[in-house]
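User: I have a protein to look at for class. Can you walk me through it?

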Amino acid sequence: MSEKVKGAAIGIDLGTTYSCAAVWFDVKKRVEVIPNEQGNNITPSYVAFNDAELLVGDGAKNHIARNPTNTVFDVKRLIGCRFHESQVQKDMESWPFKIIEGPAEKPTVVVKLKGEEKKYAPKELSAMVLKKMKECAEAFIGRVVTDAVITVPDYFNNNQ
């Protein structure tokens, strides 16, 4: 292991409802949970869309009260699934956002952004949450994050 680390490495728990990130501080000899812009140690795993912008985290969660059909959450469970699977169909009944069958029978989320209909794969929406967590980490530690370990729920299968 003689490779030099190019930047900081973080750990991210990409949760269904909330996500959090942490970093090891060698000088302090401890791990610290990374707060978001609001100072919270957890960030809602929500993505919201409106006529002007895309919101991720706390801003997206706050948006849900005003427009629940354009706020997306809990889609990480759709990664690697087929649209017609019974669990996907069951989940769709409880979500306020629209899911359609996309390419290769994959579930696809449909939202309105800036007045236009947009389609996103669940992994794209999860990536938006991960990007938010990375940005919060970089602001907290003052360095570029080049590596991350991301937790995977135990119920995930190999496709997910």
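Analyst: What follows is a short tour of this model, which is predicted.

User: OK. How many helices and strands does the protein have?
Analyst: The protein has 3 helices and 11 strands.

User: In what order do the elements run from the N terminus on?
Analyst: The order is β-β-β-β-β-β-α-β-α-β-β-β-α-β.

User: What box do the C-alpha atoms fill?
Analyst: Taken along the principal axes, the box is roughly 50 × 35 × 20 Å.

User: And how much of the protein is buried?
Analyst: Of its 160 residues, 40% count as buried. The protein exposes about 9600 Å², and 52% of that comes from carbon and sulfur atoms.

User: What is in the largest nonpolar core?
Analyst: That core has 36 residues. Phe49, Val72, Phe97, Val109 and Leu125 have the most contacts inside it. Strands E1 (8-13), E2 (18-25), E5 (46-49), E6 (54-56), E7 (71-73) and E9 (107-113) each supply at least two residues, and so does helix H3.

User: Which element gives the most to the core?
Analyst: Helix H3 does, with 7 residues.

User: Changing topic. How many salt bridges are there?
Analyst: The count comes to 8 salt bridges. As background, side chains of opposite charge can pair when their charged atoms come close.

User: Give me one. What does Glu37 pair with?
Analyst: Glu37 forms a salt bridge with Lys132, and their closest N and O atoms are 2.6 Å apart. Glu37 sits in the loop between strand E3 (30-34) and strand E4 (43-44), while Lys132 is in helix H3 (residues 122-141), so the bridge ties together parts that are 95 residues apart in sequence.

User: Are those two buried or exposed?
Analyst: One of each. Glu37 is exposed, with a relative accessible area of 52%, whereas Lys132 is buried at 15%.

User: Which residue does Arg77 meet in a salt bridge?
Analyst: Arg77 meets Asp74, at 3.1 Å from N to O. Arg77 is partly exposed, with a relative accessible area of 25%. Asp74 counts as buried at 16% relative accessibility, because the cut-off for buried is under 20%.

User: And Lys118?
Analyst: Its side chain meets that of Glu116 in a salt bridge of 3.8 Å, N to O. Lys118 counts as partly exposed at 30% relative accessibility, and Glu116 is partly exposed with 47%. Elsewhere, salt bridges that share partners join Lys28, Arg30 and Glu32 into one network.

User: How many positive and negative side chains are there overall?
Analyst: There are 22 positive and 21 negative side chains. The centres of the two sets lie 3 Å apart.

User: Next, Pro122. Where is it?
Analyst: Pro122 is in helix H3. Pro122 is buried, with a relative accessible area of 5%.

User: What does Pro122 touch?
Analyst: Not counting residues up to four places away in sequence, Pro122 touches Val75, Leu78, Ile79 and Pro107. His84 is 38 residues from Pro122 along the chain, and their C-alpha atoms are separated by 15 Å.

User: Last topic: which residues have a positive phi without being glycine?
Analyst: Lys29 is one of them, with a phi of about 55°. Lys114 also has a positive phi of about 55°, and Lys114 is not a glycine either.

User: Where are they, and are they buried or exposed?
Analyst: Lys29 is in the loop between E2 and E3, and at 58% relative accessibility Lys29 counts as exposed. Lys114 lies in the loop between E9 and strand E10 (116-120). At 54% relative accessibility, Lys114 counts as exposed.

Technical notes: Residues numbered from 1 in each chain as written. Predicted model: local features only at pLDDT ≥ 70, side-chain atom pairs only at ≥ 80, totals over all residues. Heavy atoms only, no water. Salt bridge = Lys/Arg side-chain N within 4 Å of Asp/Glu carboxyl O. Helix = DSSP H or I, 4+ residues; strand = E, 2+ residues; numbered from the N terminus. Buried < 20%, exposed > 50% of the residue type's maximum accessible area, 1.4 Å probe, protein only. Core = buried A, V, L, I, M, F, W, Y, C linked by side-chain atoms within 4.5 Å. Areas by Shrake-Rupley, 256 points an atom, 1.4 Å probe, with all protein chains shown as cover. Lys, Arg positive; Asp, Glu negative; His and termini not counted. Charge placed at Lys NZ, Arg CZ, Asp CG, Glu CD. Contact = heavy atoms within 4.5 Å.
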